[in-house]
Amino acid sequence: MRTSQPQTIYLKDYSVPAFLVDHVDLRFELYEDGTRVHSSLSIRRNPQLADNHGALELDGDSLKLETVALNGTNLSTGQYQELGETLLVPDVPDDFELTVVTWIEPQNNTRLEGLYKSSGMFCTQCEAEGFRCITYFPDRPDVMARFRTRIEADRTAYPILLSNGNDVERGDLADGRHFVTWEDPFPKPCYLFALVAGDLVEKRDTFTTLSGREIDLRMYVEPRNSEKCDYAMDSLKRSMRWDEDVYGREYDLDIFMIVAVDDFNMGAMENKGLNIFNSSCVLASQETATDLAFQRIEAIVAHEYFHNWSGNRVTCRDWFQLSLKEGFTVFRDSQFSSDMGSPTVKRIENVTLLRTAQFAEDGGPMAHPVRPASYMEISNFYTLTIYEKGAEVVRMIHTLLGPDLFRKGSDLYFERHDGQAVTTDDFVRAMEDASGRDLSQFRLWYEQAGTPVLTVSDHYDEQAATYRLTIEQSIPDTPGQQDKKPQHIPFALGLLDSNGKDMPLVLAGGSDDSLTERVLELTEASHTFEFTGVTQRPVPSLLRQFSAPVRVAYPWTREQMLFLMKHDTDGFNRWDAGQRLAVDVIQGLVSAPDAGEIEPRLVSAYRHLLSDASLDQALVAKMMQLPSEAYLIELADSPDVPAIHQARERVLAQLAGALREDLLSCIERHADNGIYGLTPEEVAGRSLRNTALAWLLHIGDEEGRDRAVQQFREADNMTDRLGALRALVNSGFVQEREKALESFYQQFSADPQVVEQWFSVQASSPETGSLEQIQQLMTHEAFDWKNPNKVRSVIGAFAGQNLAAFHAADGSGYRFLAEQVSRLDDSNPQIAARLVTPLTRWRKFAAVHSEQMLSALERIRDKKGLSRDVYEVVHKSLAG
Ligand code: 7MF
Ligand code: ZN
């Protein structure tokens, strides 16, 4: 527990470690009432540091220190000091062996950092600073050591004992105990350490690398999950092959292990050779997992595997560099997902997340650069900015360099820095050196927070046949940053003629007319481009593929939006035009709620989407999704949440009413053919059918209801079962809804991943997610305060998705969230801090809301013994 005021840590204060650790020898004695950890460290003073004679300082948190020995001799209590979260040994030689014995209590560890127990098994989570909860150690990523780990435990309760690397020795001990010793030949920072002990079943497979080495692939899960491993195992093999093909990266150890645990703060963790996953991000079967879950599993398995190079072999110098590994790895996993499925659909999904949630973060009180300059609690910086904007930054480098030079740059990066702990600057330098391009201005993407706004205006000169585009960029102020410099922005565009054909793009002064798409490079606050030989007024297709994480302001007419929606040769922009049009129509209704019929051209555009079977159905499925309430709120200046909710519902109702026949035939066309597959076409078919169902039930259509009830009963997969359930839950058919919810729970109550879905469908629905109903759900037998997934699926879904209920005018939603955060803060501060997010946006809302959000934040602030995690979020939200 924290005792002093949280301190801010600054990037500018970075200095190299005073001591290096070459080797770590760990011995874990696991018992039911606690664990004894013996740690022997081979330490030497860092020769890189001049005048290096100071005391040894090691990090530790919530440890009971038993003994400290230097070169085999126990130190007396006067020879070391425990000061808050450090162990200080003043008098040490230049080169020595330090042995520390600590006692910890994994069974009482509810923070889920360090070593803890989850459904009877021991497991660890050490990133970012969890290793210090296990033993005293220089807990920073630039201290890289070789680890040897011996685990001792009861043989019956814990037959499986795992750690990083290769198992080199095993045997029996007295009292029914046994041990296994693991050795990891690769030096690594302690955040990549992992230990697992439990009664698990093992699934095995193999993978042969490009150079012919055979790798043992092993998955460890609780026996009840033994049939849910295949998809993750196949995803792993696809990832391994892809990283060889696309990046030339081979796996380096002889064994690669995956473990699933139910209680986990995050999605997964890339521990060297022993990736640990949240069960919901790795276990799947057709009957229990949705298409979305399958897709997520493939992406997360890939992400963690890809970290073996981008993160483990080359790691971060300090936590300010977190995006070095996360941004790059997210970029890599999205490339992989694109290659495995539909690139346009993947891009749409990424951009939706970015524009809805990352842009909101970048415009709020927690806004920070991709490489932050300071933090209080590093766990709060595993953000959408670090991950998603960080990936966009890498993607822009890829766009600027092109695939071949980018690959040259990544080869150079891995070669130059293998085995090192480096910075984002080292990454950019490798890209520069390999390509010969100057990325000095581009580096501002790492330093400046805030989402750039591009204001675009154009002029067509018929006489001269020229088309002029002027693009101005400005970057809004963010906490601690004003008056920003223009950034280097790759801006992809095309120009469409009246038939929807791409026109040649000839820049004034140039002559090359072979290109119909160009990437303009914006570097100034204002840039004008002139295109020549433009024989008719074009419709501009701007920021194709969303080539940069920016907002674009251009005065599109509805005519142009409809045109682009139908004709743009860029699939992403076709989707984007449809979204923009829908946003425009919904916003129109927000400001004029008494207006009658909605835009008839929106209806016919959607009819066209539903009826033209020659269109790419995966793209159509995405286009049929109306912009979310969260996105509409993000776009608004002082959002009136109930009005946005109502307007969106009305547009949905009018569309559904007008398109009833088309929806029914869409359902018909995409009827279940009894074979479940995961190709983009099959996924799109289910998605379209379930959207159509949801629309019909939204307007109380009885044929739709009967189909939903039937689909719910007969579905042979979770996508369709849950799709039908969700449609029923969001309908006014109270009896059918209650019956379906009840039978669903009866059928799946033994499966935590499905119960999470069941919770979240209810908590996110206006029909079943009133505050009283949420409180009811929290008394349900399956709800568990100690399980982050359950907390997220009820409280997180309510505050993050059920926005009309959360933003109730009486402030009850805010007060409720404040209470839950305060309560969780004692047991799991990381989860508590994440749950605060919706309240941090208080300034955005009108006074009635913002005042009550503010007072909810103040209530959290005034709680006694507030964790550093929640302290930082709340204080930054209140500041300024
Ligand atoms: C895909 O990044 C994308 C992001 C840290 C934990 C996993 O590998 C990770 C870990 C957080 C938030 C998102 C992700 C992860 C973490 C994640 C997972 C898969 N190093 Br916190
Ligand atoms: Zn990661």
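The following legends describe close-up views of a predicted model. Local features need pLDDT of at least 70 and side-chain atom pairs count only at pLDDT 80 or more, while totals for chains, interfaces and linings use all residues; side-chain values use heavy atoms, with hydrogens and water left out. Residues are numbered from 1 along each chain as its sequence is written, and chains are lettered from A and ligands numbered from 1 in the order in which they are written.

**View 1. Protein donors of the zinc ion (ligand 2).** H303 (NE2), H307 (NE2) and E326 (OE) lie 1.9 to 2.1 Å from the zinc ion. Donors are N, O and S atoms within 2.8 Å of the metal (3.2 Å for Na, K and Ca); water is not among the atoms, so sites may look incomplete. Along the chain, the donors follow the spacing H-x3-H-x18-E. H303 counts as buried at 8% relative accessibility, and H307 is buried at 1%. Buried denotes under 20% relative accessible area, exposed over 50%, and partly exposed in between (1.4 Å probe, protein chains only).

View 2. Strands (E, at least two residues) and helices (H or I, at least four) are DSSP runs numbered from the N terminus; two strands pair if DSSP finds at least two bridges between them. Contact means heavy atoms within 4.5 Å.

**View 3. The hairpin of β17 and β18.** Strands β17 (residues 201-208) and β18 (residues 214-221) run antiparallel and are joined by 8 bridges. D205 stands opposite L217, and T206 has D216 as its bridge partner. The hairpin has 5 residues between the strands, and G212 takes a positive phi near 90 degrees.

**View 4. The contact of helices α3 and α4.** The axes of α3 (residues 322-340) and α4 (residues 343-362) come within 7 Å and cross at roughly 140 degrees. S334, S337 and S338 of α3 meet P343, K346 and N350 of α4.

Methods:
Axes are lines fitted to C-alpha atoms, for helices over the stretch in contact, and angles run from 0 to 180 degrees between N-to-C directions.
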